[in-house]
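Here are my notes for you to read beside the model. Please keep the sequence and the structure open while you go through the points.

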Amino acid sequence: MLAGFLTLFACQLAGEALQRGLNLPLPGQVVGMFLLFAILCVRGAYLDKAVPEGLAQGSQRLIDLLPLLLMAPAAGVFFLGDGFADQWWAFIVAVTLGTWLTLIVSGLLLKYLAGRTP
Amino acid sequence: MTALLDSPLFALCLTLAAFQLAQWLYLSSGRVALLHPTIGGAVCIALALVLLDKNYADYYRDIDWLNFLLGPVTVALAVPLYRQLHLLRALAGPLMITVVCGASFACLSALILAWWCGASASTLLSLTTKSITTPIAIIVTDDIGGVTSIAVASVILTGMAGISTISWLFRRLKIEDDRLWGFCLGLAAHAIGTSRAFERSPVAGAFASLALCLTGAFTALVVPLAARWLL
């Protein structure tokens, strides 16, 4: 599993380097994700190799931790401060209603498009 | 004693304890959407901070190093994505169209609603990134001159709104296909939605990861350009 973690960190590092070197508008970690994806695709297509066991395990462990990692920033919603007091109403309506509408619109659109694809 | 309350060790114990408690509540309630660990855990942390009379900014500084792990987790999403490649290929066209329309809609709907409710200009700018994952949202908001803490809050609230209603909403819309379910949740509710999608199935999780990345990339490219053009 440690080898898997090394792969993940190395891809992130390479992604950060690429992002800085080429001044890309995406964060390095997202570039790193695309890198790892490309590496897995090449390995699978040309070497006919599956995802290494350690990498698969390490990735799954980390992904399972996602809710834990998002909790601390989420708690910040309750501490936005007084300067924001008169904006609360607009903020909550816009964000929740906007999210529900987005779910409905994208859900119906994708359902329609996917239904047309054989 | 107060020094100990201000240590990263205390912040970590508080966070892990809140997570355990939230996880237990969520599972023993039979997975009630509003009790999802991200929401329940955040409430537990907020309550503990208020009871202990601790400053949120201090707590966040103590636990900041945990955010470092968001980097490798983002990279790790490539693995489930690759494993579902054969499923993604079959739907590539519809998925791309949905990302472009859905991501634009997420951004515009929030802007119009907030403007209609009388939000200030800086709040409006901070809402444009609500449907993308936190690290990207922070970078983009900084770039266009929004307020980072509002941007983070809108990202989190978006996630909470998404995961607390998706099951009910999509049952009503008769969308039960794991691929569509996961993709829309990843598109509208980024990482929080993605972690919820992995609970449903690995397929839903992979589609949510893909939507998370594509929406993030699309928004990060388009919002700064659009803001520059409009302002």
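1. Leu25(B) is partly exposed, because 17 other C-beta atoms lie within 10 Å; by this scheme a residue is buried if 20 or more other C-beta atoms lie within 10 Å of its own, exposed if 12 or fewer, and partly exposed in between, with C-beta atoms placed from the backbone. Leu25(B) belongs to helix 2 of chain B, residues 8-28, where helices (H or I, at least four residues) and strands (E, at least two) are DSSP runs numbered from the N terminus.

2. Not counting residues up to four places away in sequence, Leu25(B) touches Leu35(B) and Gly40(B), a contact being two residues whose C-beta atoms, placed from the backbone, lie within 7 Å. Leu25(B) and Gly40(B) are 15 residues apart along the chain, and their C-alpha atoms are separated by 8.0 Å.

3. Please bear in mind that this is a predicted model, in which local features need pLDDT of at least 70 and side-chain atom pairs count only at pLDDT 80 or more, while totals for chains, interfaces and linings use all residues. Residues are numbered from 1 along each chain as its sequence is written, and chains are lettered from A and ligands numbered from 1 in the order in which they are written.

4. Chain A has five helices and zero strands, which gives the pattern α-α-α-α-α along the sequence. The radius of gyration of chain A is 20 Å, well over the 13 Å that the globule rule gives for 118 residues, so chain A is more spread out than a compact globule; the radius is taken over C-alpha atoms, and the rule is 2.2 Å times the number of residues to the power 0.38.

5. The domain assignment, whose bounds come from an automatic or database source, divides chain A into domain 1 (2-79) and domain 2 (91-118). The centres of these two domains, taken over C-alpha atoms, are separated by 27 Å.

6. Which residues of chain B does Met71(A) contact, leaving aside its neighbours within four places in sequence? They are Thr15(B), Ala18(B), Phe19(B), Thr38(B), Gly41(B), Ala42(B) and Ile45(B). Both Met71(A) and Ile45(B) are among the residues with the most contacts inside the largest nonpolar core, which has 101 residues; such a core is a set of buried Ala, Val, Leu, Ile, Met, Phe, Trp, Tyr and Cys residues joined through C-beta atoms within 7 Å.
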